Amino acid sequence: MTKELTARLEIGSTIVRHAIDYFHDNGFVQLMPVMLGKSTDPLGPDPGSSILKTPEVEYLGAKFYTMNSMILHKQLAVRELPKLFILSPNIRLERAERRETKRHLFEFTQLDFEMARAKKDDVMKLVEVFMSYLSGALKGDDTARAAFRALGKEPFEFKPPFKVYTTHELEERYGGDWEAEASKAHDQPFWALCHKREFYEKEDEAHPGHYLNYDLIYPMGYGEALSGGEREFEYGRLAERMGADKLSMDVYRAYLDEAKKGLVASAGAGFGIERLTRFMTQAEHVGDVQMFRRVPGEQVVM
Ligand code: ASN
């Protein structure tokens, strides 16, 4: 193992430690992840998503899916725990070409959180405070300081509030590949609002065709850091949105049954731990922060 990888793993470990502290200190309860579910995030229709398939596992005569994300489980859990977070291992079988984006992995961990009755502004504020907390925490942490010194780098200084754009504005200014281009043109993260994506992200009732979701994009070409949104939680709206997306109601039966009993309004988001570590250590590829690389199209050692 190279000394760079050791340093990046140490920094990644420190990031997780401070992230967990931050969420605990803000009243969140940590849930353990599930890795198999009766249904999972469809990751689409989203032009940014490109998985080949969602693996299915048969166990004792029942069919399970591996987790693309725990969003549907978060919606069920937030009824009981109004502020929760999970270090959630996700499997996304990306196409081999995704290796070239330098920020896709076929296995990664996200810190996924959800808050009952929250709005998008609450989540954006919480994330901004977390980012600046993290810059300070890493600077004051002996392990991280030594590891950054070994890399010849400094922890990035996040300076919120971050700029806010809609995806329409970004597309107009930077074209179809706005994520990469706008990321290169900024020196602090920025928000991209209003993506047309999965059924669980709430449509703005006052402005149909607009969505109450948000992505945080890292600067300097590193691309997406986090995605999330306010949630659709009413059974009728969910069924309608799923129908429009041509999803099989059978696959989502258990989730829809819970929605029929009643979900609560919530908002949340998730950020990839490896992407955050890559950004903080300015690693060339997100696989460069993994001990066991999970890069699409790359030979796996173990
Ligand atoms: N974690 C994301 C969210 O909270 C979902 C995802 O990872 N696709 O919306």
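Mentor: Begin with proline 161, which sits in the loop between helix H4 (142-151) and strand E7 (163-166). Keep in mind that the model is predicted. The peptide bond leading from proline 160 into proline 161 is cis, and its omega is near 5°.

Other loops also have backbone angles to look at. Leucine 60 is in the loop between strand E3 (56-59) and strand E4 (62-66). Its phi is near 50°, which is a positive value in a residue other than glycine. Leucine 60 counts as exposed because its relative accessibility is 72%, and the cut-off for that word is over 50%. Lysine 102 lies in the loop between strand E5 (83-91) and E6. Phi of lysine 102 is positive too, near 70°, again in a residue other than glycine. With a relative accessible area of 32%, lysine 102 is partly exposed. Lysine 246, which follows helix H7, has a positive phi near 55°.

H7 itself spans residues 235-244, and its buried residues are Arg237, Leu238, Ala239, Arg241 and Met242. An α-helix has 3.6 residues a turn, so residues three or four places apart point the same way. Helix H8 (253-261) is part of what covers the buried residues of H7.

Now turn to strand E6 (residues 107-116), where aspartate 112 is located. Is aspartate 112 buried or exposed? Aspartate 112 counts as buried because its relative accessibility is 3%, and the cut-off is under 20%. Its side chain makes a polar contact of 2.7 Å with the side chain of lysine 74. Setting aside neighbours within four places in sequence, aspartate 112 is in contact with several residues, including Met70, Ile71, Phe85, Ala269 and Gly270.

A polar side-chain atom of aspartate 112 lies 2.8 Å from a nitrogen atom of the ligand. For lysine 74, an N or O atom of the side chain is 2.9 Å from an oxygen atom of the ligand. The side chain of arginine 92 also has an N or O atom at 3.0 Å from a ligand oxygen atom. Alone, the ligand would expose 270 Å², and the protein buries 94% of that. The elements giving two or more residues to the shell around the ligand are E6, strand E10 (223-230) and strand E11 (266-272). In total 13 residues surround the ligand, and the closest are Asp41, Lys74, Gln110, Asp112 and Arg231. Sorted by class, the shell has three nonpolar, five polar and five charged residues.

The nonpolar interior comes next. In soluble globular proteins, nonpolar side chains tend to be buried together. Here the largest nonpolar core has 45 residues, and those touching the most other members are Phe23, Leu111, Phe113, Trp191, Tyr214, Leu226 and Met280. Helix H3 (residues 120-139) gives the largest share of this core, eight residues. Another core lies apart from it and has 11 residues, among them Tyr200, Met242, Tyr252 and Ala259. Met242 is also one of the buried residues of H7.

Not counting residues up to four places away in sequence, methionine 280 touches Ile15, Leu138, Phe148, Glu154, Pro155, Phe156 and Phe158. Leucine 276 is in helix H9 (residues 273-281). Leucine 276 has 0% relative accessibility, so it counts as buried. The C-alpha atoms of leucine 276 and glutamine 110 are separated by 9.8 Å, although the residues are 166 residues apart along the chain. Gln110 is one of the closest residues to the ligand.

For a contrast in distance, take alanine 7 in helix H1 (residues 3-25). From its C-alpha atom to that of alanine 62, 55 residues away along the chain, the separation is 43 Å. Alanine 7 counts as buried because its relative accessibility is 3%. Leaving out residues up to four places away in sequence, alanine 7 touches Ala147, Ala150 and Leu151.

Key:
Residues numbered from 1 in each chain as written. Predicted model: local features only at pLDDT ≥ 70, side-chain atom pairs only at ≥ 80, totals over all residues. Heavy atoms only, no water. Helix = DSSP H or I, 4+ residues; strand = E, 2+ residues; numbered from the N terminus. Buried < 20%, exposed > 50% of the residue type's maximum accessible area, 1.4 Å probe, protein only. Polar contact = N/O pair within 3.5 Å; in protein donor to acceptor, adjacent residues only side chain to side chain. Contact = heavy atoms within 4.5 Å. Core = buried A, V, L, I, M, F, W, Y, C linked by side-chain atoms within 4.5 Å. Near = heavy atom within 4 Å. Areas by Shrake-Rupley, 256 points an atom, 1.4 Å probe, with all protein chains shown as cover. Nonpolar A, V, L, I, M, F, W, Y, C, P; charged D, E, K, R; others polar.
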